[in-house]
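This report goes through selected features of one protein chain, with the sequence and structure shown below. Keep both in view while reading.

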Amino acid sequence: MTELSGDPAGSAGSAGSAGSAGSAGSADQGQRTVFLLAHTGRPAAIRSAELVVQGLLKHGLGVRVLRHEAVDLPLPPEVELVAECTPEVFDGCELLIVLGGDGTLLRGAEFARGSGVPMLGVNLGRVGFLAEAERDDLDKVVDRVVARSYEVEERMTLDVVVRTNGDVVHRDWALNEAAVQKVSPERMLEVVLEIDGRPVSGFGCDGIVCATPTGSTAYAFSAGGPVVWPEVEALLMVPISAHALFAKPLVTSPDSVLAVEVQTGTPHGVLWCDGRRTVELPAGARVEVRRGTVPVRLARLHHASFTDRLVAKFALPVSGWRGAPH
């Protein structure tokens with residue numbers, strides 16, 4: 001294995017419009033390189049990573065891996081190692097392949113957003129809505145990557161701002177959701193909801209989920225929110241266990257600004273972005289959520305509709321369906 005040092009030549013690209021794989025990755029000239037991210041705590045991920053690496057190297061593609069993950073992976077010496085996952089280490093990479101469950105896929109989304117490199121997820125967990133392939137599809141994944149037989153689509157993100165006393169104290173982002181939650185189990189969090197500068201309602205609750213269409217099948221779904229097709233541009237606001245007569249999920253314009261104000265005199269809350277990054281919200285804090293300026297780019301192998309994906313992921317009963325008459 002070789003250690004990659006300095007700033008590699010090339011550019012990881014920027015988050016542009018969705019298009020074919022030929023315009024999504026590195027140029028045809030020179031070495032094609034793929035970055036591999038895996039949940040090395042899972043034996044299945046270790047074996048899957050080994051198979052993917054072997055397949056890519058066999059076809060002449062370079063592979064780049066985090067050094068601390070390589071310790072747990074049986075990797076050949078041709079694999080490049082990098083010390084940490086900064087946007088710069090994706091320079092020259094045409095694709096980020098992520099092997100793992102939802103948590104690993106969201107971790108990969110952080111790197112994909114920061115670098116502009118499209119992410120191709122292989123699900124080794126349970127649901128894996130962000131994944132494009134399953135564990136049994138590894139050979140097909142390698143073949144499609146080698147042939148550049150994939151397309152790239154952009155997914156909306158959220159930009160999140162936390163204010164206290166009018167001052168910005170924290171900035172963050174999310175692919176799935178920004179969730180304001182209570183910390184104290186014995187007391188509800190008192191909040192007031194606002195959309196586009198106008199108050200909507202105030203109540204006690206366990207929390208509020210502000211989500212993208214991508215996140216509509218994640219935490220927002222568990223909280224009773226609607227499933228929104230990814231191509232729909234919208235923002236969601238879903239209360240969690242609200243003590244109120246009107247506490248319905250809300251779907252707004254993608255250009256709306258959603259805000260959650262934590263009332264004074266209530267226990268402090270906490271903000272979670274994609275269940276990965278957190279910051280404390282003191283009483284009186286205000287969380288503002290708007291459409292993100294930087295999308296996450298996902299590599300797609302299949303043209304199957306989101307309807308079929310929904311049925312497959314949730315094992316929905318569709319027996320007896322006859323379809324429209326021809």
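This is a predicted model: local features need pLDDT of at least 70, side-chain atom pairs count only at pLDDT 80 or more; totals for chains, interfaces and linings use all residues.

E288 belongs to strand 21 and R163 to strand 10 (residues 158-164), so the pair ties together parts that are 125 residues apart in sequence.

E288 has a relative accessible area of 8% and is buried, because buried means under 20%. R163, at 26% relative accessibility, counts as partly exposed.

How many bridges join strand 18 to strand 21? There are 4 bridges between strand 18 (residues 258-262) and strand 21 (residues 286-291), and the two strands run antiparallel. Within strand 21, V287 is the residue that stands opposite V260.

## Other salt bridges

The structure holds 20 salt bridges in total. One of them joins the side chains of E94 and R32, at 2.8 Å from N to O. This pair links distant parts of the chain, 62 residues apart. E94 is in strand 6 (residues 93-100), while R32 is in the loop between strand 2 (19-20) and strand 3 (33-38).

Are E94 and R32 buried or exposed? E94 is buried, with a relative accessible area of 0%. R32 also counts as buried, at 12% relative accessibility.

Salt bridges can also be linked to one another. A network of them connects E132, E153, R155, R300 and R309.

## Helix 3 and the residues on either side

Helix 3 covers residues 102-115, which makes 14 residues. From its first C-alpha to its last, helix 3 reaches 20 Å, close to the 20 Å expected at 1.5 Å a residue. Its buried residues are T104, L105, L106, R107, G108, A109, F111, A112 and S115. After helix 3 comes G116, which has a positive phi, near 85°.

G100 is in strand 6. With 0% relative accessibility, G100 counts as buried. The C-alpha atoms of G100 and V117 are separated by 18 Å, and the two residues are 17 residues apart along the chain.

## A nonpolar patch on the surface

Which residues form a nonpolar patch on the surface? They are L316, V318 and W321, and together they have about 350 Å² of accessible area. V318 is in the segment after helix 6 (306-314). At 48% relative accessibility, V318 counts as partly exposed, because a residue must be over 50% to be called exposed.

Definitions and conventions:
Residues are numbered from 1 along each chain as its sequence is written. Side-chain values use heavy atoms; hydrogens and water are left out. Two strands pair if DSSP finds at least two bridges between them. The expected span of a helix is 1.5 Å times one less than its number of residues. Buried means under 20% relative accessible area, exposed over 50%, partly exposed in between (1.4 Å probe, protein chains only). Patches are made of residues with over 30% relative accessible area and no salt bridge: like charges are joined within 9 Å, nonpolar side chains (Val, Leu, Ile, Met, Phe, Trp, Tyr) within 5 Å. Accessible areas come from the Shrake-Rupley method with a 1.4 Å probe; for residues, only the protein chains shown count as cover. A salt bridge is a side-chain nitrogen of Lys or Arg within 4 Å of a carboxyl oxygen of Asp or Glu.
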